[in-house]
Amino acid sequence: MAVDRERIAALVRELLGAIGEDPERPGLKQTPDRVADAYAEFFSGVGEDAAAPLARTISVSRGPAPDTLPSGAVMLRGIRFRSVCEHHLLPFRGHAHIAYLPGEQVVGLGALPKVVEILASRPQVQERLGEQIADTIAASLDARGVLVVLDASHECVTMRGGQQADASTVTIAARGEFIDPVARAELIALMSAHPGARE
């Protein structure tokens, strides 16, 4: 679903007036259109199907490498993401770490960041974002377990209120076998060892 750029630009002009600025002064004249373009990018995931990137799966037993059946989890660490907090419309950004325990089907690793990008490109809260990523993977693959860890810095924490510039928020969403904390402990340790885990 495309955002209404003209309406956004008009609202930004009104907002600039509401804070006591002149939206026609040289430094602000193009701001409404720039914000509209940015919002079109930030919210490009609204109405998009997050499961679409997972539609093409690979059979483990009948695929290109049937002699290499995974005995453990498949993990992709350090997926950079950015989103906009729906409470203050301020950005938050960080890293997503995803692991799943395959059944008969696996997915190309490039599909996982696409799922994150679609779900992050809409007004969000981090807790829900992690749950939606886990639900999308669990519903689309025959995974025996799914684990999603998000580590993000929120501008509503770093730039306003307490202004805690170094604070980050970590959330965990687990499905299937990874609901058991003992079963996911090794994966959490591996995710925490990623250089991007505490950037």
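View 1. Helices (H or I, at least four residues) and strands (E, at least two) are DSSP runs numbered from the N terminus. Because this is a predicted model, local features need pLDDT of at least 70 and side-chain atom pairs count only at pLDDT 80 or more, while totals for chains, interfaces and linings use all residues. Residues are numbered from 1 along each chain as its sequence is written, and side-chain values use heavy atoms, with hydrogens and water left out.

**View 2. Here is the open sheet of five strands.** The strand order is β5-β2-β3-β6-β7, with mixed pairing. Both β5 (123-124) and β7 (169-176) stand at the edges with a single partner strand each, so one side of each has no neighbour in the sheet. Two strands pair if DSSP finds at least two bridges between them.

**View 3. A closer look at the strand pairs takes in β6 and β7, which run antiparallel.** Strand β6 (residues 145-154) is joined to β7 by eight bridges, and Val-148 stands opposite Ala-173 in β7. The β2 and β3 strands are antiparallel too, joined by nine bridges; Phe-92 in β3 is the bridge partner of Ser-83. By contrast, β2 and β5 run parallel and share two bridges, with Val-84 opposite Pro-123 in β5.

**View 4. The hairpin of β2 and β3 has five residues between its strands.** In the turn, Leu-89 has a positive phi of about 55°. His-88 also lies in the loop between β2 and β3. An unreviewed UniProt entry lists His-88, together with Cys-85 and Cys-156, for "binding site". These residues span 72 residues in sequence, yet no two of their C-alpha atoms are more than 8.1 Å apart, so they gather at one spot. UniProt positions follow the numbering used here, and annotations may be inferred rather than shown by experiment.

**View 5. What lines the second largest pocket?** Its lining consists of Ile-8, Leu-11, Val-12, Leu-15, Val-35, Ala-38, Tyr-39 and Phe-42. Helices α1 (5-18) and α2 (31-42) each supply at least two of the lining residues. The lining divides into eight nonpolar residues, no polar and no charged; nonpolar means Ala, Val, Leu, Ile, Met, Phe, Trp, Tyr, Cys and Pro, charged means Asp, Glu, Lys and Arg, and the others, Gly among them, are polar. The pocket volume is about 240 Å³, the space filled by probe spheres set on the points, which are joined across faces, edges and corners. On a 1 Å grid over the protein atoms alone, a pocket is an open set of points where a 1.4 Å probe fits, with protein on both sides within 12 Å along at least five of seven lines; lining residues have an atom within 4 Å of a point.
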